[in-house]
Amino acid sequence: MMIRRANEGDIKRIIELLHQVNMVHHVLRPDLFKPYTTKYSEQELASLLDDESKPIFVYDDGTVLGYAFCQVSEIRDNQLLEDIKTLYIDDICVDENARGKHIGKSLYEYVRNYAESIGCNNITLNVWEGNDAAYRFYKNMGMQVQKTTMEIILKKIDVLETEISL
């Protein structure tokens, strides 16, 4: 087992995992997330691999069983905000058939150590309301709520019931 930076050979497997994450989000919020698609195309992933400010890490056990998409940002000389370097976890996924084996914890700890090694002040991420397993996981990793995004849905969108076979 090793956690490493993703490379071009990982793209097809990452796309498969992105499908799993998308379906979790689609089930939670079919009004926002389309079924059976991914956040990135293969071409977009290939270009992300070269972006040092957006590292992608994979958990590789002979097969890629999980990933963490990260974004590093810095605020400097802002009138209101303190100078700060943040690592944002844009997306983290463990293959649904490999859950319960501490892969998510290993990925999270690797990202945390990486963030510390590059001088980040904090790590942030978003969890969708209703994704209770993810919320509990991040709380168990020591994270706490920084802010809350709220909404009111003004227009209901008709969403067809989708049979989901994962």
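In these legends a residue is called buried when its relative accessible area is under 20%, exposed when that area is over 50%, and partly exposed in between, with a 1.4 Å probe and protein chains only. The model shown is predicted, so local features need pLDDT of at least 70 and side-chain atom pairs count only at pLDDT 80 or more, while totals for chains, interfaces and linings use all residues. Residues are numbered from 1 along each chain as its sequence is written, and side-chain values use heavy atoms, with hydrogens and water left out.

**Figure 1. Tyr108 in helix α3.**
At 4% relative accessibility, Tyr108 counts as buried. Leaving aside neighbours within four places in sequence, Tyr108 is in contact (heavy atoms within 4.5 Å) with Ile89, Ile92, Phe137, Tyr138, Met141 and Met143. Glu82 is 26 residues away from Tyr108 along the chain, and the C-alpha atoms of the two are separated by 26 Å.

**Figure 2. Helix α3 and its buried face.**
Helices (H or I, at least four residues) and strands (E, at least two) are DSSP runs, numbered from the N terminus. The expected span of a helix is 1.5 Å times one less than its number of residues; for the 15 residues of α3 this gives 21 Å, which agrees with the 21 Å between its end C-alpha atoms. Buried in α3 are Ile103, Gly104, Leu107, Tyr108, Val111, Tyr114 and Ala115. Seen down the helix axis, these buried residues fall within an arc of 135°, so they line one face of α3; the arc is that of the directions from the helix axis to the C-beta atoms. The elements against which the buried residues of α3 pack are β1 (2-5), β2, β3, β4, β5 and α4. After α3 comes Gly119, whose phi is positive, near 85°.

**Figure 3. The largest nonpolar core, and a second, separate one.**
A nonpolar core is a set of buried Ala, Val, Leu, Ile, Met, Phe, Trp, Tyr and Cys residues joined through side-chain atoms within 4.5 Å. The largest such core has 25 residues, and those with the most contacts inside it are Leu87, Ile89, Ile103, Leu107, Val111 and Tyr138. At least two residues of this core come from each of β2 (56-60), β3 (64-75), β4 (84-94), α3 (103-117), β5 (122-125) and α4 (132-140), and α3 gives the most, with 6 residues. When neighbours within four places in sequence are left aside, the contacts of Val111 are Phe57, Ala68, Cys70, Leu87, Ile89 and Ile123.

**Figure 4. Helix α1, with Gln20 and His25.**
Helix α1 covers residues 11-28; its 18 residues should span 26 Å at 1.5 Å a residue, and its end C-alpha atoms are 26 Å apart, which agrees. The buried residues of α1 are Ile11, Arg13, Ile14, Ile15, Leu17, Leu18, Gln20, Val21, Asn22, Met23, His25 and His26, and what covers them includes α2 (42-48), β2, β3 and β4. Gln20 is buried, with a relative accessible area of 11%, and, apart from neighbours within four places in sequence, Gln20 is in contact with Cys93, Val94, Asp95, Glu96 and Arg99. Gln144 lies 124 residues from Gln20 in sequence and 25 Å from Gln20 in space, C-alpha to C-alpha. His25 is also buried, with a relative accessible area of 15%, and its contacts, with neighbours within four places in sequence left aside, are Phe33 and Trp128.

**Figure 5. Positive phi at Asp77 and His102.**
Asp77, in the loop between β3 and β4, is a residue other than glycine with a positive phi, near 55°. Asp77 is exposed, with a relative accessible area of 73%. His102, in the loop between β4 and α3, is likewise a residue other than glycine with a positive phi, near 65°, and counts as exposed at 58% relative accessibility.

**Figure 6. The largest pocket.**
A pocket is an open set of points on a 1 Å grid over the protein atoms alone, where a 1.4 Å probe fits, with protein on both sides within 12 Å along at least five of seven lines; lining residues have an atom within 4 Å of a point. Grid points are joined across faces, edges and corners, and a volume is the space filled by probe spheres set on the points. The largest pocket has a volume of about 1200 Å³. It is lined by 35 residues, of which Leu125, Asn126, Val127, Gln146 and Lys147 are the closest to its centre. Two or more lining residues come from each of β4, α3, β5 and α4.
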